[in-house]
Amino acid sequence: MNIAVLGAGSWGTTLAVLLARKGHRVSLWAHRPEFARQLSAERENRRYLEGVAFPANLRVTDSIIDAVTPASMIVTAVPSQALRETAEQLRGISMQGRIIVNVAKGIELRTGKRMSEVLLETLPELVPAQVSALYGPSHAEEVSRELPTTVVASSPSQETAEKVQDAFRTSMFRVYTNTDIVGVEIAGSVKNVIAIAAGISDGIGYGDNAKAAIITRGLAEISRLCERLGGDPVTVSGLSGIGDLVVTCLSRHSRNRYVGEEIGKGRSLDDVVSHMDMVAEGVLTSKSVYELSRTCGVEMPITQAVCEMLFEKKPVLQATLDLMTREPKTEIY
């Protein structure tokens with residue numbers, strides 16, 4: 001296949017390398033010309049993924065039109081808040097016969113839309129059956145080294161999901177299918193918010209009990225929002241839900257957990273983010289998810305607490321006390 005990967009960060013680069021290793025003809029788009037030239041010259045992404053060589057059938061370009069024109073599959077690997085702007089650059093290209101695979105995890109600010117909704121709204125020629133989400137516990141650092149990884153390809157069309165599954169699966173990258181794209185996108189996006197909470201717990205010095213509570217009650221928040229938006233709560237028990245939630249809350253590779261840990265240690269959000277090379281999606285997604293939960297009438301106290309700590313400078317100890325002394329409830333509600 002001819003496949004275009006839009007976004008040359010760590011995950012976009014990893015997937016471009018994976019697809020090229022499998023034998024596809026891959027075009028990796030970097031939006032900054034000087035970065036594209038650097039990648040082409042060095043044949044690796046030393047900024048985000050040092051030591052992973054580009055296969056000969058992977059080419060780099062700074063022209064999004066050049067990357068997409070021959071492609072039957074387009075992988076969008078830009079940060080979630082940049083997806084709409086990136087998709088708008090494709091409006092002059094026919095989408096007929098193409099599949100778009102989004103791998104960015106987030107909820108758009110201001111609109112509260114999932115990434116598949118952003119694509120469908122921005123590219124009116126697209127139909128839902130052409131759109132897929134590839135989510136799951138999959139740190140670039142491990143996938144690029146061909147360590148065992150399992151993810152889910154989701155689309156309203158089982159046929160599309162299976163095409164994505166076939167395009168990506170390797171002996172060390174196992175891909176399942178799921179037609180509940182609402183549940184997959186909600187679970188895969190909100191888990192980043194919960195990971196920030198888990199990191200804050202680590203940073204301030206709370207123990208395993210607190211971490212387990214955050215993961216478990218965070219999963220409950222994800223389930224409630226998923227169900228309210230029309231997703232299947234069972235999806236939350238899968239790879240995009242509990243799988244990605246666990247790895248993001250626990251892993252040393254997790255940017256969202258790292259942001260939370262530094263906040264828990266007393267650093268300001270601006271200071272933490274300004275010293276990071278890569279985007280922690282959960283920071284802005286916490287805002288959009290909290291607003292979405294209020295619009296939908298879904299109670300999400302951990303998400304609310306994360307927003308208050310990040311953007312209202314609420315002290316961590318006060319946020320903890322507020323969570324722990326909330327009105328008593330049954331576990332399942």
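Biologist: In the largest nonpolar core, which residues touch the most other members?

Modeller: In this predicted model, Leu 225 and Val 259 touch the most other members of that core, which has 39 residues.

Biologist: Which helices each supply at least two residues of this core?

Modeller: Those helices are α8 (181-204), α9 (208-228), α10 (239-250), α11 (255-264), α12 (269-274), α13 (282-296), α14 (301-311) and α15 (316-324).

Biologist: And which gives the most?

Modeller: Helix α8 does, with 11 residues.

Biologist: Back to Leu 225: leaving aside its neighbours within four places in sequence, what is Leu 225 in contact with?

Modeller: With those neighbours set aside, Leu 225 is in contact with Ile 186, Val 190, Val 289, Leu 292, Ser 293, Val 298 and Met 300. There is also a second, separate core of 38 residues, and Val 26, Ala 140, Val 151 and Phe 173 are among its members.

Biologist: Changing topic to helix α2, which of its residues are buried?

Modeller: Phe 35, Ala 36 and Leu 39 are buried in α2, which spans residues 33-42. Viewed down the axis of α2, the buried residues fall within an arc of 100°, so they line one face of the helix.

Biologist: What do the buried residues of α2 pack against?

Modeller: They pack against the strands β3 (44-45) and β5 (58-61).

Biologist: Which residue follows α2?

Modeller: Arg 43 follows α2, and the phi of Arg 43 is positive, near 60°.

Technical notes. Residues numbered from 1 in each chain as written. Predicted model: local features only at pLDDT ≥ 70, side-chain atom pairs only at ≥ 80, totals over all residues. Heavy atoms only, no water. Core = buried A, V, L, I, M, F, W, Y, C linked by side-chain atoms within 4.5 Å. Buried < 20%, exposed > 50% of the residue type's maximum accessible area, 1.4 Å probe, protein only. Helix = DSSP H or I, 4+ residues; strand = E, 2+ residues; numbered from the N terminus. Contact = heavy atoms within 4.5 Å. Arc of directions from axis to C-beta.
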